[in-house]
Amino acid sequence: MISSPEAAKFVLSRAHLFKPTFPVSKERMLGKEAIFFHQGDYHAKLRKLVLRAFMPDAIRSIVPDIESIAKDSLKSCQGRLINTFQEMKTFTFNVALLSIFGKDEILYREDLKRCYYILEKGYNSMPINLPGTLFHKSMKVRKELAQILAKIISTRRQRMQLEEEDHKDLLGSFMGDKEGLTDQQIADNVIGVIFAARDTTASVLTWIVKYLGENPSVLQAVTAEQEAIIRSKEEEEEEEKVLSWADTKKMPLTCRVIQETLRVASILSFTFREAVEDVEYQGYLIPKGWKVLPLFRNIHTAQKSFLILTV
């Protein structure tokens with residue numbers, strides 16, 4: 001285990017020496033074709049396809065849908081005691097499905113949610129495939145999840161043959177004619193993206209709530225910024241006064257709060273890497289095949305206070 005910023009940077013910036021790795025149970029549940037378990041050309045290709053689906057051109061059209069999900073999430077929280085992180089995980093999951101499947105996700109949301117919530121409980125379980133174990137339950141539902149994804153992929157393929165419209169969501173990016181990905185590769189990476197995006201994004205949102213609660217002046221300023229956008233929408237002539245991509249450009253303070261949260265908070269506790277060859281670091285030998293865990297709790301050596309109003 002390593003915890004210094006210098007050692008973490010050494011490990012994480014040398015992909016040719018340290019490959020990503022995960023516990024056996026997590027590898028089997030995510031799928032062997034997921035981006036995390038590969039290097040080289042295949043990894044670079046998948047990375048390009050994932051990034052393409054989250055570029056401004058792809059996100060611009062779904063901003064109103066994300067706003068709708070956010071409003072529904074807030075309504076569901078009214079009048080009850082909530083666990084902020086769990087609520088943010090639900091919100092993030094719904095947005096992830098929208099980003100992956102587009103508006104088709106509404107047809108499969110509940111089935112995908114039910115299967116994935118069971119699957120994630122077994123991520124760090126002992127890989128013992130016996131009835132009654134978390135691993136067995138998760139692997140069983142993983143097969144069901146694969147069947148649902150196969151149905152979604154088949155339906156999308158049929159639509160793509162009949163329509164000339166480009167789908168800018170992640171599934172459309174994976175299924176492009178030039179990509180040549182198999183259905184298993186697509187399914188494994190869809191599950192992988194949900195895994196990668198859900199807890200990390202929910203963690204950022206939870207830290208934002210915490211820091212805003214601890215800094216009333218910042219909360220007041222962010223609220224004023226958002227209310228100004230609401231007032232400007234009320235003055236518009238359009239019938240549907242929904243949030244637009246242009247509106248997100250009117251949130252400089254909100255963006256700074258997000259950036260400052262990413263600087264101060266520990267979004268991940270640790271990650272997994274494996275040495276692909278013998279590596280020497282500051283006189284210490286890390287043998288080939290050894291697991292290295294960079295810890296992120298103490299990475300930030302800068303001032304820890306929330307500096308949003310002075311940066």
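**Exercise 1. The two sides of helix α3**

Determine which exposed residues lie on the face of α3 turned away from its buried side, and which residues of α3 are buried.

*Solution.* 
Step 1. The face of α3 turned away from its buried side carries the exposed residues D41 and K48. Here, buried means under 20% relative accessible area, exposed over 50%, and partly exposed in between (1.4 Å probe, protein chains only). Helices (H or I, at least four residues) and strands (E, at least two) are DSSP runs, numbered from the N terminus. The model is a predicted one, in which local features need pLDDT of at least 70 and side-chain atom pairs count only at pLDDT 80 or more, whereas totals for chains, interfaces and linings use all residues. Residues are numbered from 1 along each chain as its sequence is written, and side-chain values use heavy atoms, with hydrogens and water left out.

Step 2. The buried residues of α3 are Y42, L46, L49 and V50. They lie on the same side of α3 because they cover an arc of only 100° around the axis, the arc being that of the directions from the helix axis to the C-beta atoms.

Step 3. The cover over these buried residues includes α9 and α10.

Step 4. With 13 residues, α3 reaches 19 Å from its first C-alpha to its last, close to the 18 Å expected at 1.5 Å a residue. The expected span is 1.5 Å times one less than the number of residues in the helix.

**Exercise 2. The largest nonpolar core**

Identify the residues of the largest nonpolar core that touch the most other members, and the helix that supplies its largest share.

*Solution.* 
Step 1. A nonpolar core is a set of buried Ala, Val, Leu, Ile, Met, Phe, Trp, Tyr and Cys residues joined through side-chain atoms within 4.5 Å. In soluble globular proteins, nonpolar side chains tend to be buried together.

Step 2. The largest core has 44 residues, of which F101, L112, L149 and F174 touch the most other members. Helices that each supply at least two residues of this core include α2 (24-30), α3 (40-52) and α10 (183-214). The largest share, 8 residues, comes from α8.

Step 3. Another core, of 11 residues, lies apart from this one; I2, A7, V11 and L17 are among its members.

Step 4. Leaving aside neighbours within four places in sequence, L112 is in contact (heavy atoms within 4.5 Å) with F93, L97, F101, L145, I148, L149 and I152.
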